[in-house]
Amino acid sequence: MMDFLEEPIPGVGTYDDFNTIDWVREKSRDRDRHREITNKSKESTWALIHSVSDAFSGWLLMLLIGLLSGSLAGLIDISAHWMTDLKEGICTGGFWFNHEHCCWNSKHVTFEDRDKCPEWNSWSQLIISTNEGAFAYIVNYFMYVLWALLFAFLAVSLVKVFAPYACGSGIPEIKTILSGFIIRGYLGKWTLIIKTITLVLAVSSGLSLGKEGPLVHVACCCGNILCHCFNKYRKNEAKRREVLSAAAAAGVSVAFGAPIGGVLFSLEEVSYYFPLKTLWRSFFAALVAAFTLRSINPFGNSRLVLFYVEFHTPWHLFELVPFILLGIFGGLWGALFIRTNIAWCRKRKTTQLGKYPVIEVLVVTAITAILAFPNEYTRMSTSELISELFNDCGLLDSSKLCDYENRFNTSKGGELPDRPAGAGVYNAMWQLALTLILKIVITIFTFGMKIPSGLFIPSMAVGAIAGRLLGVGMEQLAYYHHDWAIFSSWCSQGADCITPGLYAMVGAAACLGGVTRMTVSLVVIMFELTGGLEYIVPLMAAAMTSKWVADALGREGIYDAHIRLNGYPFLEAKEEFAHKTLAMDVMKPRRNDPLLTVLTQDSMTVEDVETIISETTYSGFPVVVSRESQRLVGFVLRRDLIISIENARKKQDGVVSTSIIYFTEHSPPMPPYTPPTLKLRNILDLSPFTVTDLTPMEIVVDIFRKLGLRQCLVTHNGRLLGIITKKDVLKHIAQMANQDPDSILFN
């Protein structure tokens, strides 16, 4: 008899699409590989060099991920900035310049009118040679809507035709993939190419979405593609997930210019398994990505983001009250948004609406563009809006938000005192109120459409508008009523007491926290954005309040809610399992079900096994000594069985349907003229995880979470009774929470 499995067979040990990986097996295989390399390194210089290169390959991979994701982020930023301005006009000095760069190169521009230069022409100037009057306004309006529809149509068409996985933010799927789920093609090259192109188009169309979430998906695609250059990561799914955790950190690093926030985001929000080694590598990848983006300098201001801001005024203890109010607003908005958005997405999945993604995108884009154009705050890109709201007004600011009455003589530089609001500020206030209503409503329908759409920027915009409105209100209150008891102790007349931009920043953090339920990483991202270490306490107060309020109204963040909506097998590590059920209540088969399908170790033919495979859809089968004893020997995966039998039929002479399959160490001598036997012990997992039938389910759930198991066998006095899969655990948790257990779709 020939043991043809001494040589590894291509495909054995790999996984089918939409299946969960076996973390225990993957980690064990990596330890064996590492042990082998270490032992060989003592034998020759070449083996030692191989050992060193193997150890260094992880750092080299991080360097490549950082360089690639930083470069792509720079490309996306520059392209989106140019295409957003294209909706309003074009630079005659060079069509590739955006509005700002066009006027930088102009010799006919003053500081006050730095946005107006003869080289920049609006569409009405190009088409009808004038920018004045109602007809010019209508031409500009029409061109704005036309470009928005064109960009949105291109985005949704490219996604639909070439890469359906390029839609959405990608973070719910990445969380699921990092927990050990396989979605083939989700992080592939086509997804990367189409996501990068359509992200620029979607952001430029003026829809209420951001590029920050999709940038995490783009960075993870870079990580996954680069993994194929290194054997260690290509062949091991668990090792690859460590790389993807680091890539997610690099994605947030370039999205917000916040390397440390990126590492913490990966740890707090997306990663399932995050060893210390991955923490260091994530830090390195985030550093390289941020450095690469800084070298490209996409915004021309030596900053990594458009809305970088610095505040210099200290905050006062009383201001914690409005900051906490902003936290409550953020929590309420977060809970409202999650409920309404999930209801709309469920409607999209279950009705005819889901069959017409192109029409849906075009309708939402048309409504957004038509409502956005008349209001300058909705017309500008959301990143520019946030930048405007965060801005601390100086004397030279020409923005309407800084149109204060200057009732003071200033000969010295430094801080400006609080001033009464002028007509421009009041005008800006009601425009911002309308912007807030539009953003709140339209974002509900935008997130989840078949185009790349992030949620960070729209959420921050909602919070920043609310914060700025409250900040200006507080500023005027302090100016006109500085003798009130709440102000008198710290705010004298002519002092700079209140910074409305700080309120906008705190509001942005509160709303983002309410939607995503991030806390630590959110605060770090926000203070890296603003360079304001002294504002950590207001940010922490707002982020914590918004999380408490949102959690009181609904336990799930937006990403967890979308994971549940899509039926992915994600076992949430943060939730406690508090029910008193036992393993026997959850295992298959139940009392009246047919018996568990098993293989015996030495009495089944190839035909018997192939019949079982064709008649069932199980991912694997327990192997027992005999059907009578039901004593457990091990567990074998369906995919490994199919590949091994196919391979044996091709390569091993004489293997026929009547050949007996052996899972034992040694096979007994066979009588002459019997067909050769097939020995498959090498694909048998001899140490499957087992629990007894009386094990409490809270322990079983903990085992599944912490070891990343696919399945666990249930025994009684050493005899096999049944099996619990990850899907069974998730269905049981859903049932206990009075949810529909059939919403868990995958294995």
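1. Strands β10 and β11. In this predicted model, strand β10 (residues 711-716) runs antiparallel to β11, and six bridges join the two.

2. β10 belongs to an open sheet of three strands, ordered β9-β10-β11, with mixed pairing. The edges are β9 (690-692) and β11 (719-725). Each has a single partner strand, so one side of each is left without a neighbour in the sheet. From one strand to the next, the twist averages 35 degrees.

3. Another open sheet. Three strands follow the order β4-β7-β8, and the pairing is mixed. Here β4 (604-605) and β8 (678-679) stand at the edges. β4 pairs with strand β7 (residues 660-662) in the antiparallel sense, over two bridges. In that pairing, Met604 has Ile661 in β7 as its bridge partner.

4. The record. UniProt, in an unreviewed entry, places the feature "domain: CBS" at residues 587-651 and 683-743. In the model, residues 587-651 are 37% helix and 23% strand. The end C-alpha atoms of that stretch are 39 Å apart.

5. Ser459. This residue lies in helix α18 (residues 456-480). Is Ser459 buried or exposed? Its relative accessibility is 1%, and the cut-off for buried is under 20%. Ser459 therefore counts as buried. What is Ser459 in contact with, leaving aside its neighbours within four places in sequence? The contacts are Trp333, Cys511, Leu512 and Val515.

6. Helices α6 and α11. Two packed helices are described by the angle and the distance between their axes. For α6 (residues 171-178) and α11 (residues 259-270), the axes come within 10 Å. They cross at roughly 75 degrees. Angles of 65 to 115 degrees count as roughly perpendicular, so α6 and α11 are roughly perpendicular to each other. Ile171, Lys175 and Leu178 in α6 meet Phe265, Glu269 and Val270 in α11. Of the residues in this contact, four are nonpolar, none are polar and two are charged.

Terms used
Residues are numbered from 1 along each chain as its sequence is written. This is a predicted model: local features need pLDDT of at least 70, side-chain atom pairs count only at pLDDT 80 or more; totals for chains, interfaces and linings use all residues. Side-chain values use heavy atoms; hydrogens and water are left out. Two strands pair if DSSP finds at least two bridges between them. Helices (H or I, at least four residues) and strands (E, at least two) are DSSP runs, numbered from the N terminus. Axes are lines fitted to C-alpha atoms, for helices over the stretch in contact, and angles run from 0 to 180 degrees between N-to-C directions. UniProt positions are given in the numbering used here, feature names are shortened, and annotations may be inferred rather than shown by experiment. Buried means under 20% relative accessible area, exposed over 50%, partly exposed in between (1.4 Å probe, protein chains only). Contact means heavy atoms within 4.5 Å. Angles under 35 degrees count as roughly parallel, over 145 as roughly antiparallel, 65 to 115 as roughly perpendicular and the rest as oblique. Ala, Val, Leu, Ile, Met, Phe, Trp, Tyr, Cys and Pro count as nonpolar, Asp, Glu, Lys and Arg as charged, and the others, Gly among them, as polar.
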